[in-house]
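Please read the following briefing alongside the sequence and the coordinates.

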Amino acid sequence: MILAFDTSCYTTSVALMANDGQLLSDQRRVLAVPAKQRGLLQSEALFQHIQNLPALLETLAGSFAISEIEAIGCSVKPRPVEKSYMPVFLGGETVGRSLAAALHCPFLPGTHQEGHMMAGWYSLMMLEQIPDRFLLCHFSGGTSEILLAEKEETGDFSLTRKAFGNDLHAGQFVDRIGVLLNLPFPCGAALETLAMGHKGDIPHVKIWVKNGEFSFSGQETAVRRLAEEGTDAATVARTVEHTIAKTLVKVFQQLFAATQVSTALFVGGVMCNAYIKAYLREHFSRETLYFADPRYASDNAVGIAALTLKRLGGI
């Protein structure tokens, strides 16, 4: 069995996977954020992870023999690049390394972004047939970037950034407007539900895409102005979705042409949104778009478990 940890900014996650890839346990606990607050300090989030991990492990240990764990995987930083660092990942890494030492089993570090990628393919039951080259779109509260993924001789994938948000992440855009509309944080699911009540035209918000960069800060200001001027909440919510979707279409039109790749995988909490997915499918009929199952698009440790198992030759 493989035990995996992911302690991101807003979810404590533990997963247990059998050697044949069967998911045995998927335990998660969303961090508590006070009402009208737009997030947590890293120290506050780390403290909650330390509180959550024992409870999640106790739940897991009630059904499975911890002694049968053969390896432990964990996201230890946000992205697979030098100087990528975030204190919250110390929660999972500390517990994971300690357990690995106690169980005399290997500890395999990974990254949060690789975990998202592998969770996406896992949810689509495609771990054994991942394309050799594809575009990875990772849109969440902490990341807004599109990368070219290419399989290496080792079986791992190199991830090269091709486009990125240069100011405000897509998830931050969603959350800031969501908090303004008095929605619970993180606001993605509630904002999507609210937007379903929209009728009529969508207000125009100019998008900005240039040389592999895109922006959401000016768009956030424009949508905030709509809300402050009295535009109904459902229309404001739909405008957020539409603005993100239009930005993605323009970026991918450029990237599909520049990279000569016609396959893309979409992961991260923002990519759970049904309106954004439908808008993208509508605009790309010749390309192959894959969207992670919503449960595995948001933060989880399942992808880290799949990544660990694949590195050990189990998938």
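Predicted model: local features only at pLDDT ≥ 70, side-chain atom pairs only at ≥ 80, totals over all residues.

Residues are numbered from 1 along each chain as its sequence is written, and side-chain values use heavy atoms, with hydrogens and water left out.

**Pockets**

- A pocket is an open set of points on a 1 Å grid over the protein atoms alone, where a 1.4 Å probe fits, with protein on both sides within 12 Å along at least five of seven lines; its lining residues have an atom within 4 Å of a point.
- The largest pocket has a volume of about 1,200 Å³, a volume being the space filled by probe spheres set on the points.
- Its lining comprises 48 residues, and S140, G141, D175, P186 and G269 lie nearest the centre.
- By class, the lining of the largest pocket has 20 nonpolar, 17 polar and eleven charged residues, where Ala, Val, Leu, Ile, Met, Phe, Trp, Tyr, Cys and Pro count as nonpolar, Asp, Glu, Lys and Arg as charged, and the others, Gly among them, as polar.
- Elements that each supply at least two residues of this lining include β3 (23-30), α4 (170-180) and α7 (233-259); helices (H or I, at least four residues) and strands (E, at least two) are DSSP runs.
- The second largest pocket holds about 240 Å³ of space, and its lining residues include W121, Y122 and E128.

**Nonpolar cores**

- A nonpolar core is a set of buried Ala, Val, Leu, Ile, Met, Phe, Trp, Tyr and Cys residues joined through side-chain atoms within 4.5 Å; buried means under 20% relative accessible area with a 1.4 Å probe, protein chains only.
- The largest core has 52 residues, with F139, I146, I244, L248, F252 and L280 making the most contacts inside it.
- Helix α7 gives the most to this core, with eleven residues.
- A second, separate core of 31 residues includes L147, A292, A301 and V302.

- Q219 lies in helix α6 (residues 217-228) and counts as buried because its relative accessibility is 5%.
- Beyond four places in sequence, Q219 is in contact (heavy atoms within 4.5 Å) with F173, V205, K206, I207, W208 and T243.
- T239 is in helix α7, and its 1% relative accessibility is why T239 counts as buried.
- The T239 side chain reaches the backbone oxygen of T235 at 2.7 Å.

Key: Buried < 20%, exposed > 50% of the residue type's maximum accessible area, 1.4 Å probe, protein only. Polar contact = N/O pair within 3.5 Å; in protein donor to acceptor, adjacent residues only side chain to side chain.
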